[in-house]
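Dear colleague,

Please find below the structure that I am handing over to you. My notes on it follow.

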Amino acid sequence: MEKSANKLRPALLGGILIGVIGGIPFLNFINCMCCMGVIGGGVLSAYLFYKDSSPEYVISVSDGALLGFLSGLFGTFISIILHSFFGPATFNVLYKISATINDPDLQALIDNFNPRLLENSFILLDFALNLVVNTIFGLLGGIIGVSIWSSRKNVPAN
């Protein structure tokens with residue numbers, strides 16, 4: 001009998017990858033390359049699902065889409081938590097960088113910038129944007145992952 005693995009564990013691990021890459025300052029620049037961190041989380045979830053499922057189970061595109069979608073969903077929550085933790089530290093680094101640059105306009109902008117106001121007013125916008133981007137690109141990553149490993153599932157081992 002074909003046995004499908006549980007999708008929650010692979011999706012959660014893929015979501016952790018998405019959340020860590022998206023939520024840690026400067027590591028999140030990986031997502032500037034066509035959301036590679038988010039796609040990678042979807043691919044990871046598909047790979048883990050492939051490894052956990054029985055050899056007879058044929059992994060479908062809908063399996064990959066669901067895995068990637070759930071990874072993006074979990075990743076959104078994890079990245080928002082990490083943003084709230086690392087946000088003040090990121091502001092302090094930007095403040096120190098602006099102090100070394102001899103531009104009075106930039107210095108005035110940074111001096112008038114209130115990171116608490118930004119954190120409180122844009123957390124919902126950040127969440128909504130991450131939710132849309134992470135679920136779409138995570139879904140895409142899950143489909144890519146399934147297309148890679150579902151073709152290898154039926155190849156006999158030597």
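Which residues in H1 meet which residues in H2? Arg 9, Pro 10, Ala 11, Leu 13, Gly 14, Leu 17, Ile 18 and Ile 21 in H1 meet Gly 37, Val 38, Gly 40, Gly 41, Gly 42, Leu 44, Ser 45, Leu 48, Phe 49 and Asp 52 in H2, contact meaning heavy atoms within 4.5 Å. By class, this contact has 10 nonpolar, six polar and two charged residues (Ala, Val, Leu, Ile, Met, Phe, Trp, Tyr, Cys and Pro count as nonpolar, Asp, Glu, Lys and Arg as charged, and the others, Gly among them, as polar).

This is a predicted model, in which local features need pLDDT of at least 70 and side-chain atom pairs count only at pLDDT 80 or more, while totals for chains, interfaces and linings use all residues. Residues are numbered from 1 along each chain as its sequence is written, and side-chain values use heavy atoms, without hydrogens and water.

H1 and H2 (residues 36-52) pack at an angle of about 160°, with axes 8 Å apart; axes are lines fitted to C-alpha atoms over the stretch in contact, and angles run from 0 to 180 degrees between N-to-C directions. The two helices are therefore roughly antiparallel (over 145 degrees). Helices are DSSP runs (H or I, at least four residues), numbered from the N terminus.

The lining of the second largest pocket includes Ile 18, Val 38 and His 83; lining residues have an atom within 4 Å of a point on a 1 Å grid, and a pocket is an open set of points where a 1.4 Å probe fits, with protein on both sides within 12 Å along at least five of seven lines. H5 (115-153) gives the largest share of this lining, four residues. The lining residues divide into five nonpolar, seven polar and no charged.

Yours sincerely

Technical notes:
Angles under 35 degrees count as roughly parallel, over 145 as roughly antiparallel, 65 to 115 as roughly perpendicular and the rest as oblique.
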